[in-house]
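Please look over the sequence and the model shown below before reading on.

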Amino acid sequence: MSQTVCILGVTGSIGQSTLKILQQHPEQYSLFAVTAYSRIDELVEICKQFRPKVAVVPSSKVDELQKKLQAENLLDIEILQDEAGLIKVASSAEVDIVMAAIVGAAGLLPTLAAVKAGKRVLLANKEALVMSGDIMMQAAHEHHALLLPVDSEHNAIFQCLPQNYFQAERNGQPKLGVSQILLTASGGPFLHQSLEELKKVTPAQACKHPNWSMGRKISVDSATLMNKGLELIEACHLFAVEEQFVTVVVHPQSIIHSMVQYVDGSTLAQMGNPDMCTPIAHALAWPERIQTNVPALDLFLHNQLNFTAPDLIKFPALRLAREAMREGGLAPAILNAANEIAVEAFLKEQISFLQIPEIVEETLNQVENKSANSLELILEADQQSRKIAQQMLTS
């Protein structure tokens, strides 16, 4: 029986990869709703090809989308707007699967709405879990939502864990013989640059990832290793472990996507070519597997794999993320908000690359950390942190 899919963030790289999988399996999946922020021409092309029932855009883009859909004679596509529209499609009774791929804090409320509606949620928006991990995981448990990780690393960990891992008690300790989660990092484009060289790197250089094709924000996060820090926090929530049970391993080839160590000395690794279609297809079809166009790994071609510890002097963002997770409460939300502001400023060439973690650390020092026991408190801390980080740009 065909399942209906809603893609939050359809014009981004994850959204595009999801469309590729849907296109390959039209008998299994149909597209019910799509959302986009600014790339209206791309959205119209997607609407022409996939004929979703609903499209969601910001209110400032509604007229433009309406005219373009009319010009293509796509009169039966309903247009919704802003956050209310995102929440409506994410929780719609007509949707079976929600791909949560909106970048940043903007993805929090629609992702949570999908979880509360008991959907199969394919989680590509790590910030939603970073900001509200306990609330999100509790909601998934209460509403019987299936929260499946799409980040290649978390998907790899999921594949390497025992099947019944998620039925066991969530107490911060590894269980069922698991001793450690090994989270791999490519090291980004500046792995071999000196601290002196990092002072002069440009946004264009930071966005040129050696292995993955990603959006600009996540590419910069990968270059600072903040992306790995956010993934560390996400892993702690998803797999119910404290941060000391997650070790980051720099693996420049991006062939092993992550590993799980067991008490008997075993280490299980998930390997594959660096292509997001693989984890997306896995999460879409789990517990089954479906075909993708990703070529199988050629072990004779990739005959050397390297592993090193991350350099926390050159890349302090990873240290800050670990400390925020250890501290708990609102600290991860503060970290995420300050980072979003700092990355945006770097992309606009308002600050240098090395100032990104400086702004994040200073914001963490200035915003009071409290218990993150309500969505209101989290969103309040998010706004306050953005304001303080923004003030640093002008001071």
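In this predicted model, D151 touches L123, A124, K126, E231, E234 and M276, when residues up to four places away in sequence are not counted. D151 is found in the loop between strand 7 (146–149) and helix 7 (152–160), and because its relative accessible area is 8%, under the 20% cut-off, D151 is buried.

**The annotated site**

- According to the unreviewed UniProt entry, the annotation "binding site" covers D151, E153 and E231; although these residues are spread over 81 residues of sequence, they cluster in space, with a largest C-alpha distance of 8.4 Å.
- E231 has its place in helix 11 (residues 226–238) and is buried, with a relative accessible area of 2%.
- Leaving aside neighbours within four places in sequence, E231 is in contact with K126, D151, E153, H154 and L183, and the side chain of E231 also makes a polar contact with the side chain of K228 (2.5 Å).

**Aromatic rings**

- The count of aromatic pairs comes to six, and one of them is the tilted pair of F158 and F166, at 5.5 Å centre to centre with 35° between the planes.
- F158 counts as buried at 12% relative accessibility, whereas F166, at 34%, counts as partly exposed.
- F190 and F353 form an edge-to-face pair, 5.2 Å centre to centre with 85° between the planes, and because F190 lies in the loop between strand 8 (178–185) and helix 8 (195–198) while F353 lies in the loop between helix 14 (331–347) and helix 15 (355–366), the pair ties together parts that are 163 residues apart in sequence.
- One aromatic cluster is formed by F158, Y165, F166, F239 and W286.

Terms used: Residues are numbered from 1 along each chain as its sequence is written. This is a predicted model: local features need pLDDT of at least 70, side-chain atom pairs count only at pLDDT 80 or more; totals for chains, interfaces and linings use all residues. Side-chain values use heavy atoms; hydrogens and water are left out. UniProt positions are given in the numbering used here, feature names are shortened, and annotations may be inferred rather than shown by experiment. Helices (H or I, at least four residues) and strands (E, at least two) are DSSP runs, numbered from the N terminus. Buried means under 20% relative accessible area, exposed over 50%, partly exposed in between (1.4 Å probe, protein chains only). Contact means heavy atoms within 4.5 Å. A polar contact is a pair of N or O atoms within 3.5 Å; within protein, one must be able to donate a hydrogen and the other to accept it, and residues adjacent in sequence count only if both atoms are side-chain atoms. Rings of Phe, Tyr and Trp (its six-membered ring) pair if their centres lie within 6.5 Å; planes under 30 degrees apart count as stacked, over 60 as edge-to-face and the rest as tilted.
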